[in-house]
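Trainee: I have a new model open and I'd like to learn how to read it. Could you walk me through it?

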Amino acid sequence: MVSKKKASGLASTIPGGVGLGAALSLGITLIGACISALLIHKEIVDENAVGYCSLVTLLLASSLGAVLAMNRTKRMRLQVCLLTGACYFLSLLCITALFFGGEYTGVGVTALAVLGGSGAVALMSIRQKRGRVHGHKKGAYR
């Protein structure tokens, strides 16, 4: 069957989209950490709220990275969202090994937060699209 859709050429490859989404997630994580540190420094937020700030930052970063990757690739949305979350989590583990001497504390909570953010976007992407109605059915003629 011949398709009448014209290819726009704007979709990127899956590795490119996943990499771009993970890079955006890391950037948002850096910005969120800076904002959290500023809020704690100015005593707007208590020091005990560091865990909550990091949880919100991880959820926001993983979900926005998954949205960017999904919109860039324009295909295999569920897999791209989950791959972006996994790539982001692995990059966080690598950063921990590189800068913090491999002291892995709170890895389970971090994994759940990243999976929650990217998984929520993945679940929203699998909603069924309903086609438009092409007209109504005519009744029988008497």
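Trainee: What should I know before I start?

Mentor: This is a predicted model, where local features need pLDDT of at least 70, side-chain atom pairs count only at pLDDT 80 or more, and totals for chains, interfaces and linings use all residues. Residues are numbered from 1 along each chain as its sequence is written, and side-chain values use heavy atoms, with hydrogens and water left out.

Trainee: How many helices and strands does the protein chain have?

Mentor: Helices (H or I, at least four residues) and strands (E, at least two) are DSSP runs, numbered from the N terminus. Here the protein chain has four helices and zero strands, so from the N terminus on you read α-α-α-α.

Trainee: How much of the chain counts as buried?

Mentor: Buried means under 20% relative accessible area, exposed means over 50%, and partly exposed is in between, using a 1.4 Å probe and protein chains only. Of the 142 residues of the protein chain, 28% count as buried. The accessible surface, from the Shrake-Rupley method with a 1.4 Å probe, comes to about 10700 Å², and 66% of that belongs to carbon and sulfur atoms.

Trainee: And what share of the contacts links residues 24 or more positions apart?

Mentor: Contact means heavy atoms within 4.5 Å. Taking the contacts in the protein chain with a separation of 6 or more, 75% are between residues 24 or more positions apart.

Trainee: How do I check the span of a helix?

Mentor: The expected span is 1.5 Å times one less than the number of residues. Take α2, residues 50–73: its 24 residues should span 34 Å, and the end C-alpha atoms are 34 Å apart, which agrees. α1, with 28 residues, reaches 40 Å from its first C-alpha to its last, close to the 40 Å expected.

Trainee: Which residues of α2 are buried, and what do they pack against?

Mentor: They are C53, T57, L58, A61, S62, S63, G65, A66, A69, M70 and T73. They pack against α1 (14–41), α3 (77–99) and α4.

Trainee: What about the buried residues of α1 and α4?

Mentor: In α1, the buried residues include I14, G17, V18, G21 and A22, and their cover includes α2 and α3. In α4 you'll find A113, V114, G117, S118, G119, V121, A122 and S125 buried, with α2 and α3 included in what covers them.

Trainee: How do I describe the way α2 and α4 cross?

Mentor: Axes are lines fitted to C-alpha atoms, for helices over the stretch in contact, and angles run from 0 to 180 degrees between N-to-C directions. The axes of α2 and α4 (residues 107–125) come within 8 Å and cross at roughly 35°. A crossing is left-handed if the near helix is turned anticlockwise from the far one by less than a right angle, and right-handed if clockwise. This one is right-handed.

Trainee: Which residues meet there, and of what classes?

Mentor: On the α2 side, L55, L58, L59, S62, S63, A66, V67 and M70 take part, meeting T110, A113, V114, G116, G117, S118, V121 and S125 in α4. The contact has nine nonpolar, seven polar and no charged residues. Ala, Val, Leu, Ile, Met, Phe, Trp, Tyr, Cys and Pro count as nonpolar, Asp, Glu, Lys and Arg as charged, and the others, Gly among them, as polar.
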